[in-house]
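I opened my notebook to look up a few things in this structure.

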Amino acid sequence: MNHIKSIVFSAMLACTALQGHAQCAFRNDAFKAGEFLTYNLYYNWQFVWVKAGTASMYTVQSPYKGRQAYRASLTTRGNDKVDKMFVLRDTLLCYSSLNMEPLYFRKGAREGNRYTVDEVFYSYNGGKVRLRQHRLQNNGDHLWATKELDHCVYDMLNIFLRARSFNPTGWKKGHDIDFPIADGNSINPAKLRFEGRVTIKADNGIKYRCLRLAYMENEDGKYKRIVDFYVSDDQNHVPVRLDMFLRFGSAKAFLVSMKGLRHPVTSAVSK
């Protein structure tokens, strides 16, 4: 989650999601092309945390349908030892315009014996947002849907890129930012909730002052916590730790290394 330069911009996001207005551009103050983050991944197995593998997030500038865009990928890979207990293979990919408009999203998830793929294709015309949604179900069936909306819509990775530019100045614990979230076959309410500031030790041995942000999706009328992000309390808003609440348990990712950052890391406390 990154950094907006004024509180006005964070208010604009909430308004954009709620109003009938499809001007979905936003200012990126947080990252630049070439940022590469690596993590150690841990999985909770029968109340014991075990080293489960690695995760990485890579952001580059890349063409998408003839225009320059940001391409971001988040990949988790379990190791052979954990694979014997639980197979974890998630890959998230998104394209966002240089003005932070969502263009494409894909999530391929293998959790246990279950494998699914979600895709969302975005286009913009005449103040409208057009979505093409695709889901490959575990049984091999393909589901397609098309929707046209007069407000902005996001997915879990595009909203993360945008949120890295939020300015938390003035936020109090419990501050919510609401937005609609799309996956392969539905659009549902979601929110980011600010849960205060904490100090987190990464797997590189360094402690960082962090903002704690909970990403939640509405399921059956109740908000379900999907991921807790602990992001550096500086202009980069690099995820230092992620707590992921999976279908078959929970996992954590701790930062190992970061390269290609846009700003100095002023949140580091000590080793």
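I count a polar contact as a pair of N or O atoms within 3.5 Å; within protein, one must be able to donate a hydrogen and the other to accept it, and residues adjacent in sequence count only if both atoms are side-chain atoms. The model is predicted, so local features need pLDDT of at least 70 and side-chain atom pairs pLDDT 80 or more, while totals for chains, interfaces and linings use all residues. Residues are numbered from 1 along each chain as its sequence is written, and side-chain values use heavy atoms, without hydrogens and water.

Entry on Gln 133. I found a polar atom of the Gln 133 side chain 3.0 Å from the backbone oxygen of Ser 186. The Gln 133 side chain also makes a polar contact of 2.7 Å with the side chain of Lys 147. Is Gln 133 buried or exposed? Gln 133 is buried, because its relative accessible area is 0% (buried means under 20%, exposed over 50%, partly exposed in between, with a 1.4 Å probe and protein chains only).

Entry on cysteines. I searched the whole structure and got one disulfide (a pair of cysteine sulfur atoms within 2.5 Å). Cys 24 and Cys 152 form this disulfide, with sulfur atoms 2.0 Å apart. The link is left-handed, at -105° about the S-S bond. Both Cys 24 and Cys 152 are buried. I also looked up Cys 94, which counts as buried because its relative accessibility is 0%. Cys 210 counts as buried too, at 1%.
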